[in-house]
Amino acid sequence: MRKNIVAGNWKMNTTVPEGVQLAKEVKDAVAQVADLKCDVVVGVPFTHLTAVKSVLEGGKVLLSAENCADHEKGAYTGEVSAPMVASTGADYAILGHSERRGYYNETIEMLKTKVDLALAAGLKVIFCCGESLDERKSGMYFEIIKEEIMGSLFHLDADAFANIVIAYEPIWAIGTGETATADQAEEIHAFIRKLIADKYGAQVADDTTILYGGSCKPSNAAELFAKPDIDGGLIGGASLKAADFLGIVTAF
Ligand code: PEP
């Protein structure tokens with residue numbers, strides 16, 4: 001059964017005490033929602049995972065890292081491996097965010113390795129894909145998204161693929177205040193679901209959660225989430241205030 005998910009991506013924001021406070025607020029706010037219609041996840045910096053996990057204990061909110069290394073262990077100073085992330089009790093890793101692809105040169109091949117390591121460590125993956133403004137204008141965006149998904153995910157068998165959540169995040173909409181219209185987002189989500197159906201069959205495609213990310217906020221979430229192939233959101237800026245994040249969680 002396909003799940004609705006609203007996941008926050010805090011990026012490189014909050015100190016540990018600030019993050020603990022925000023996690024408490026999110027946990028308490030979500031606990032008040034009588035008829036919760038989605039899973040709620042907070043994606044936090046590596047430094048925050050253990051402390052935030054303690055805060056979330058006994059509540060409904062799940063925990064994600066924002067990345068993991070492309071090696072399992074060893075002499076990779078400063079890196080954090082998937083087994084390390086899993087050992088904090090985290091449930092998910094966000095992989096392939098456009099900021100990681102863009103600023104840290106993460107390639108399709110590298111992300112394939114990260115996906116494998118994350119799944120092997122028992123994490124679920126929120127896998128981001130999406131086109132730049134130039135790619136959208138050139139009309140190449142279907143090809144870009146197809147390459148990203150096929151190249152990093154389609155080596156998985158159907159059982160492994162069941163642990164993948166896809167987040168469509170048009171780069172031109174991330175942190176810009178410019179949101180894809182619900183129709184623009186739905187067009188891509190339906191395209192992604194068709195790709196999955198062609199590879200894994202209709203049932204797997206129907207069961208896969210596909211999130212929208214890019215300036216999603218309480219004022220536009222309901223319209224986006226009403227579309228048949230949009231199963232929730234990956235939320236950047238609006239996940240840093242518990243009230244805004246809750247406004248999106250309750251938009252279904
Ligand atoms: C993101 O970075 O994943 C994101 C969607 O950011 P924002 O909501 O701030 O556009």
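The following dialogue goes through how some descriptions of this predicted model are reached.

Tutor: The model is predicted, so local features need pLDDT of at least 70 and side-chain atom pairs count only at pLDDT 80 or more, while totals for chains, interfaces and linings use all residues. Residues are numbered from 1 along each chain as its sequence is written, and side-chain values use heavy atoms, with hydrogens and water left out.

Student: What makes the radius of gyration of the chain agree with that of a compact globule?

Tutor: The rule is 2.2 Å times the number of residues to the power 0.38, with the radius taken over C-alpha atoms. For 252 residues a compact globule would come near 18 Å, and the chain has 17 Å, so the two agree. The C-alpha atoms fill a box of roughly 45 × 45 × 35 Å along the principal axes.

Student: Why is Phe252 called partly exposed?

Tutor: Buried means under 20% relative accessible area, exposed means over 50%, and partly exposed is in between (1.4 Å probe, protein chains only). Phe252 has 27% relative accessibility, so Phe252 counts as partly exposed. Of the 252 residues of the chain, 49% count as buried.

Student: Where is Phe252 found, and what is Phe252 in contact with beyond its neighbours within four places in sequence?

Tutor: Phe252 is in the segment after helix 12; helices are DSSP runs of H or I with at least four residues, strands are runs of E with at least two, and both are numbered from the N terminus. Contact means heavy atoms within 4.5 Å, and the partners of Phe252 include Asn4, Val6, Cys38 and Phe225. Cys38 is 214 residues from Phe252 along the chain, yet their C-alpha atoms are separated by 7.9 Å.

Student: How do you know that the buried residues of helix 12 line one face?

Tutor: In helix 12 (residues 242-249), Ala242, Phe245, Ile248 and Val249 are buried. Seen down the axis, the buried residues fall within an arc of 125 degrees, so they line one face of helix 12. The arc is that of the directions from the helix axis to the C-beta atoms. Among the elements covering these residues are strand 1 (5-9) and helix 1 (16-31).

Student: What puts the buried residues of helix 2 on the same side?

Tutor: Leu49, Val52, Val55 and Leu56 are buried in helix 2 (residues 49-56). They cover an arc of only 125 degrees around the axis, which puts them on the same side of helix 2. Thr50 and Ser54 are exposed on the other side.
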